[in-house]
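The tour moves from side-chain accessibility and salt bridges to aromatic rings and then to a pair of helices.

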Amino acid sequence: MSLTKIVIVGGGFAGLNLAKTLEDKPGYDITLVDQNNYHFFPPLLYQVSTAFIEASNISYPFRRMFQSKSHFSFHMGTLQQIHPEKNSIRTDKAELNYDFLVLAMGTETNYFGMENVKRAALPMKSIDDALELRNHVLLRLEEAAESNDPAERELLGNIVIASGGPTGVEIAGMLAEMGGNIVKKDYPTAASKGLGKIYLVDALDRLLAPMSQKSQQEAAKVLEGLGVTIMLNTAVKDYVGQRVIFSNGESIPSATLIWTSGVIAREAPGLPEGSTARGRRIKVDEFNRVLGLSNVFAIGDLCIQESDPKFPQGHPQLAQVAIQQGTLLARNLMLIEAGTAMKPFLYKDKGSMAIIAKYKAVVDLPKGFFKGFFAWLVWLFIHIIPIAGFRNKLKLAFNWFWSFATNDPTLRLIIRPEKKDLD
């Protein structure tokens with residue numbers, strides 16, 4: 001029997017849920033393409049970057065995940081070109097043919113044309129980014145511990161976080177907790193001499209813009225209580241000579257600028273002209289089919305779909321959207337094979353949440369809001385469920401329990417692998 005070849009580019013929430021829904025269905029030959037050999041859980045990257053959990057707690061190898069599936073293969077590579085006329089794609093490693101192509105590469109950091117920020121700021125989009133930020137923060141603390149110059153210690157200790165969205169709020173809270181619980185114990189010399197501050201900066205007039213007013217107010221209250229300086233109606237405009245320059249003309253000396261301020265869809269070269277919209281997102285119809293193509297689909301943060309009556313400007317770039325689109329597309333591909341009409345995608349909004357600090361979180365539901373310790377427990381539970389691998393869930397739960405109970409996780413390791421030139 002001839003198998004239907006499905007190539008999925010991107011192993012994030014969207015691509016992975018598509019693959020897992022189809023993995024045991026007969027009649028398909030599935031190839032998953034990703035630049036990494038593992039799936040990871042982006043909502044917890046900030047806990048890796050602040051040495052609270054291990055990177056392995058939120059990541060899982062694709063080959064291990066699908067090793068018993070005879071009609072599944074993994075290709076580690078980066079998309080270079082799509083050839084719709086030939087039903088093939090080219091990666092940096094090989095050319096792959098398909099009957100159906102699904103683009104699910106997600107987004108990358110958007111620096112809005114600010115080259116100095118791009119060169120020197122620290123993004124938060126990958127495991128590599130999280131580990132680099134962890135190393136960076138710990139190294140600056142080591143330098144501050146050896147310095148007798150107050151201006152230098154301020155420079156090394158100041159941390160500016162660009163964007164007061166969920167990621168910015170979460171990392172600000174975690175760094176503030178780290179400063180209060182760990183820095184005084186690990187770096188008593190630097191702490192006694194005085195360090196810098198944590199600044200959370202946003203161009204809007206509120207934190208957590210996508211969430212409710214109650215969540216926004218609670219986030220500001222908790223972070224200010226932890227000593228975070230919140231700067232609203234202020235945008236980062238440049239980063240020169242370790243000074244963060246703001247839209248109001250002011251500047252702050254800082255050796256650490258964490259950039260969580262925006263994303264742009266990853267490039268998909270070879271699609272028809274006019275198939276992309278703002279933010280480079282790919283235009284799709286109600287079935288997530290790329291406009292102008294019959295057998296190419298795009299799902300997750302990468303796409304923009306304007307056919308959902310409740311979201312005429314497109315869906316928010318959230319994990320739940322990606323998960324639901326991936327699952328439905330798998331079912332629609334089976335309907336195509338059965339000669340049955342596909343079902344349009346309609347997003348079921350299950351609410352949103354953000355952790356602010358230890359025992360402090362906010363949860364917005366379609367019909368309610370709650371905060372505090374119970375919201376924090378709900379946040380922990382909800383974030384364990386999607387983690388790939390039973391062992392990963394247990395490790396994460398144990399590490400969380402130990403870290404929260406002791407306020408002193410033991411992952412503050414500065415690890416800098418040396419890259420060998422083999423040419």
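Buried means under 20% relative accessible area, exposed over 50%, and partly exposed in between, with a 1.4 Å probe and protein chains only. This is a predicted model, in which local features need pLDDT of at least 70 and side-chain atom pairs count only at pLDDT 80 or more, while totals for chains, interfaces and linings use all residues. Residues are numbered from 1 along each chain as its sequence is written, and side-chain values use heavy atoms, with hydrogens and water left out.

**Salt bridges**

Go next to E108 and R280, whose side chains meet in a salt bridge at 2.8 Å, N to O. E108 is in strand 10 and R280 in the loop between strand 19 (263–265) and strand 20 (282–284), so this pair ties together parts that are 172 residues apart in sequence. E108 is partly exposed, with a relative accessible area of 26%, and R280 is partly exposed, also with 26%.

For another salt bridge, select K86 and E95, where the closest N and O atoms are 3.5 Å apart. K86 is partly exposed at 46% relative accessibility, and E95 is partly exposed at 40%. By the rule given above, the count comes to 9 salt bridges.

**Aromatic rings**

Rings of Phe, Tyr and Trp (its six-membered ring) pair if their centres lie within 6.5 Å, and planes under 30 degrees apart count as stacked, over 60 as edge-to-face and the rest as tilted. By this rule the count comes to 11 aromatic pairs. Select F13 and F41, an edge-to-face pair with 5.5 Å centre to centre and 85° between the planes. The pair links distant parts of the chain, with F13 in helix 1 and F41 in the loop between strand 3 (38–40) and helix 2 (45–49), 28 residues apart. Both F13 and F41 are buried.

Now move to Y111 and W259, whose ring centres are 6.2 Å apart with planes at 25°, so the pair is stacked. Y111 lies in the loop between strand 10 (107–109) and helix 4 (115–120) and W259 in strand 18 (residues 256–259), so parts that are 148 residues apart in sequence are tied together. Y111 and W259 are both buried. Selecting Y359, F373 and W376 then brings up one aromatic cluster.

**Two helices**

Finally, return to F13 and display helix 1 (residues 13–22) with helix 10 (residues 319–337), whose axes come within 7 Å and cross at roughly 35°; axes are lines fitted to C-alpha atoms, for helices over the stretch in contact, and angles run from 0 to 180 degrees between N-to-C directions. In helix 1 the residues that meet helix 10 include F13, N17 and L18, and their counterparts in helix 10 include I323, G326 and L333, contact meaning heavy atoms within 4.5 Å.

Methods. Helix = DSSP H or I, 4+ residues; strand = E, 2+ residues; numbered from the N terminus. Salt bridge = Lys/Arg side-chain N within 4 Å of Asp/Glu carboxyl O.
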